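Please open the model in a viewer and keep the selection panel at hand.

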Amino acid sequence: MSERVFILAPGPHVGTGDSVARVMWRVNIALLPALAWGVWSFGPAALALTAACVASCMAVEALVELLFGRAITVRDGSAVVTGLLLAFNLPPGAPLWFAPVGALVAIAVAKLAFGGLGFNIFNPALAARAFLMASYPARMTSWRPYGAWDAVSAATPLGILKERLDLPLPSYADLFLGRVGGCIGETSALLLLAGAVLLLAGRDITWHTPASFLGALAGMSLLVGADPLLAVLAGGAVLGAFYMATDMVTAPLSGGGRLVFGAGCGIITAVIRRWGGYPEGVCYSILLMNAFTPLIDRCTQPRRFGSRRGRG
Amino acid sequence: MRLKTFRGGVHPPDCKDRTRDLPIRRAALPARVIIPLGGGGKARLRPLVEPGRRVLTGEKIAEGEGARAVPVHASISGAVSLIGETPVPYGGTAPAVEIEGDGRDEKAWEGTGIPDPVRAAPSEIIARIREAGIVGLGGAEFPAHVKLSPPPGRTIGHVIINGAECEPYLTADDRLMRERPGDVVAGARLLMRATGAARATVGIESNKREAREAVAAAARAFPEIEAVLVEVKYPQGAEKQLIRALLGREVPSGGLPADVGVVVQNAGTAVAVWEACALGKPLYERVVTVSGPSVREPANLLVRIGTTFADLLAQCGGLAPDAALLIMGGPMMGIAQWTAEVPVVKGTSGIIALPSRGIPAERPCIRCGLCLTVCPMGLSPSLIRRAAERGAWEIAERYGVLDCMECGACAYVCTTSRGQVQHYKRAKMEIGKRGKR
């Protein structure tokens, strides 16, 4: 036994065994119910577009990393998350070539140019959506009604409100279940919540961001004279509040910070919807708040043990 | 009723089942002991013996200058064979006295106790504790007499006996409290006498209910002493966290337990205090849990200081072939050893052997925020790590790295790094360097 030599390592010598890849794959699994609903609602074209987005994101990540001689990180699942979320934020009838263009913006520009996973300031999928929205506004706002597997133009609930169209608004039940038009992954609040329960249970997200996001959105909508329940259920609020404002890398660290972040997102969303040029404001509100994340982090540190305040 | 606890913390599996019901067994009297005269950042001691000198069990063999120096004693009778550098379990090497035993275990201290120690003068108790070489047996080895002499202007109202034993695998304190609860209580009474404290509380995690029952029964005659269950959560046994849990008081940042009128001593330390005062027995043996998945026959052993880990492992059926990590202490804060030829020291609460868990790539922080929720000191480990990674020491300091006690709760939950504690150690060192300039 005396010749035996052991490994020197810093403590702790045990751990939970959780990894970045496991976190990301749990997020991917949580997104599957909403994806299934998107395909059910909008047909095989939605599935093809989603597959194209995921494949493009993985390909761009691998290619850029290969080009710069970096370790290939595709297997950690984060590019898949970005691909899924990118697709979830596109109208079902968007052309397939949106996928590689969006992936280039999301992965090459918003993620890898900033240093890769952990260093990006803006949510990659939303950065891509914002880019596509600015570049191809018409294609990004041509919708299909729920259940239409072929190209039929229709208005979304938020579009009806924005343009003051003389069309019937869907019922709350239709909005909650997702029997409405919209982006591929945003329509069914129910199925998005089902996935979110998994993430909450696994401590991959905390309640702070979605609660304050949707709470502030409802409150602010009420203030500006809109229907608060409709504001929460229509458009991308539920998708944004549970899956994009909760993006670990680009949102604040502490519970307090996440409350501030979510509240900012909710308020800005309501303001854009009411006074902005677009019917929907979730994407821009989150991107705007992403820019404030470092500041929020600094101002919302937990209370330190043995002190009155947490601020350093 | 909800158990008392602190904010933050983690719940690693306690892994105590293999040893919790094994009574403390006296380890074989070692043929040879190695007793370090320093290491682990402690003051070097001056040897009082030279090679060839015969020593008795419990005879003082080295002492040091300064208020914090604590003497060490021979743990077997025999002859000093060597004084030289040897690997020590704190890491690195230190000078040490090696004693070849004569197998007779002739004791130098018998009959030297104080007749009625509970009525002895506080100063005499404290002097005895120091002379007996007593340090904190929980692992940190902080000199016991220093804690008992609070800085001017501070009075101690409450003694806390730390029986939390929150590290996985360790059951040494659990067994001690179950088998010798009377001595734990007697030690607590001496500590109260020494500090003038009116009350004592023994804090025990709720996975050791038998220990609490035993201590509570032993303390029945002393209404000022109680045994309280606290939540099973790491690091419940950290001094500040245990005070917070039991008394609701927070030691101020950068402060000492004395700042809130408290002294904390480990349960094993309390027993050693009793033995030193009542029997005159110096601290030359302690209870050590030898466990872990790679130890064939785990045990709770009463071990002479200076016995090598290898010697004890051999008495526990040896190591399984998969043993890759050998830890002194628990798996959370314990120190990894490269060799089993290191001696048991006063702070050796456990010897844990684990299989390798591979060497994963360190990844950049993904800012999941879990470390903030588990940090028992309310810090933002993620931000400190980022600052330390780019050498921004002032920022690390502003984020409170100096309050970090290196418990490793953050690294336990982290999905991207196991090396967080290294960053904090480094940041503290760099900040310290600047302060001295």
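A salt bridge is taken here as a side-chain nitrogen of Lys or Arg within 4 Å of a carboxyl oxygen of Asp or Glu. With that criterion, three salt bridges are counted between chain A and chain B. The model on screen is a predicted one.

**Stop 1: the interface between the chains**

Colour chain A and chain B separately, then select the residues of each that touch the other. On the chain A side 44 residues are in contact with 68 residues of chain B. Together the two chains bury about 4700 Å², and 60% of that area is on carbon and sulfur atoms. Next select A:Phe6, A:His13 and A:Phe305, which supply 19% of the area that chain A buries against chain B, more than any other three residues.

Between chain A and chain B, 22 residue pairs are in polar contact, counting pairs with both residues at pLDDT 80 or more. Which elements of chain A give two or more residues to the side that touches chain B? They are H1 and helix H14 (282-299) of chain A. By class, this side of chain A comprises 21 nonpolar, 14 polar and nine charged residues.

**Stop 2: the second largest pocket**

Select A:Val20, B:Ala361, B:Glu362, B:Arg363 and B:Pro364. Of the 39 residues that line the second largest pocket, these lie nearest its centre. The volume of this pocket is about 890 Å³. To see the elements around the pocket, show helix H1 (20-42), helix H2 (44-67) and helix H4 (98-111) of chain A, together with helix H12 (409-413) of chain B; each supplies at least two residues of the lining. Colouring the lining by class gives 17 nonpolar, ten polar and twelve charged residues.

**Stop 3: the cavities**

Rolling a probe the size of a water molecule over the atoms shows where empty space is left. The structure holds seven cavities of 30 Å³ or more.

Begin with the largest cavity, in which about 300 Å³ of space lies. Select A:Met24, A:Val81, A:Leu85, A:Asp247 and A:Met248, the closest to its centre of the 22 residues that line this cavity. Then show H1, helix H3 (78-88), helix H5 (124-135) and helix H12 (237-244) of chain A, each of which supplies at least two residues of the lining. Which element gives the largest share of the lining of the largest cavity? That share, four residues, comes from H3(A). The lining divides by class into 14 nonpolar, five polar and three charged residues.

Move on to the second largest cavity, whose volume is about 240 Å³. Select A:Trp143, A:Thr156, A:Leu158, A:Glu186 and A:Glu280, the closest to its centre of the 25 residues that line it. H5, helix H7 (157-162) and H14 of chain A are the elements that give two or more residues to this lining. H14(A) provides the largest share of the lining of the second largest cavity, three residues. By class, the lining of the second largest cavity has 14 nonpolar, eight polar and three charged residues.

**Stop 4: backbone details**

In chain A, select A:Gly11 and A:Pro12, which are joined by a cis peptide bond with omega of about -5°. A:Pro12 is found in the segment before H1 of chain A.

In chain B, select B:Tyr234 and B:Pro235. A cis peptide bond joins these two residues, with omega of about -5°. B:Pro235 belongs to the loop between strand S11 (225-230) and helix H6 (239-247) of chain B.

Finish at B:Glu141, which has a positive phi of about 60° although it is not a glycine. B:Glu141 sits in the loop between helix H1 (122-131) and helix H2 (144-148) of chain B.

Key
Residues numbered from 1 in each chain as written. Chains lettered and ligands numbered in written order. Predicted model: local features only at pLDDT ≥ 70, side-chain atom pairs only at ≥ 80, totals over all residues. Heavy atoms only, no water. 1 Å grid on protein atoms, 1.4 Å probe; cavity = no way out; pocket = protein on both sides within 12 Å on 5 of 7 lines; lining within 4 Å. Points joined across faces, edges and corners; volume = space filled by probe spheres on them. Nonpolar A, V, L, I, M, F, W, Y, C, P; charged D, E, K, R; others polar. Contact = heavy atoms within 4.5 Å. Buried area = accessible area lost by both parts, 1.4 Å probe. Polar contact = N/O pair within 3.5 Å; in protein donor to acceptor, adjacent residues only side chain to side chain.
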